[in-house]
Amino acid sequence: MSYYSILGLPFNSSSTQIREAYKAAALKYHPDKSSSDDNTSHFQQINEAYQTLRDKDKRARYDKSIGIDTDVLKNTYFDQKPRKKMDIQIDNMWNQWGK
């Protein structure tokens, strides 16, 4: 399972989207919220995914290791918030394609 799928994100997610997905998943699976062993291991996976994806260098190495060409995506949507309707439509298209 990829770090992106652990957080429920497409591979072209911005750092803001990664942070928001991490916060939501961490709240849902935090060991203090539930004592299930499954939740504890899933919470550890969420933390590992976030630690890798939040750091640009680690993320680039990870993307390369799973076959994502970040050079192609470098000038697209990393660290940008969609502002226009067309940007949102393109983001939706990327999200569908990435899953």
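For contacts I take heavy atoms within 4.5 Å. Helices are DSSP runs (H or I, at least four residues), numbered from the N terminus. This is a predicted model, where local features need pLDDT of at least 70, side-chain atom pairs count only at pLDDT 80 or more, and totals for chains, interfaces and linings use all residues. Residues are numbered from 1 along each chain as its sequence is written, and side-chain values use heavy atoms, with hydrogens and water left out.

Entry one: α3 with α4. I looked up where they touch: Gln51, Thr52 and Leu53 of α3 meet Lys58, Arg59 and Tyr62 of α4. I sorted the residues of this contact into two nonpolar, two polar and two charged (Asp, Glu, Lys and Arg count as charged; Ala, Val, Leu, Ile, Met, Phe, Trp, Tyr, Cys and Pro as nonpolar; the others, Gly among them, as polar). The helices, residues 37-53 and 56-65, pack at about 105° with their axes 6 Å apart; axes are lines fitted to C-alpha atoms over the stretch in contact, and angles run from 0 to 180 degrees between N-to-C directions.

Entry two: α2, residues 15-29. Which of its residues are buried? I get Ile18, Ala21, Tyr22, Ala25 and Ala26, where buried means under 20% relative accessible area and exposed over 50% (1.4 Å probe, protein chains only). These pack against α1 (3-7), α3 and α4. On the face turned away from the buried side I find exposed Glu20, Lys23, Leu27 and Lys28.

Asp91 is buried, at 11% relative accessible area. Its C-alpha is 9.0 Å from that of Ser13, 78 residues apart along the chain.
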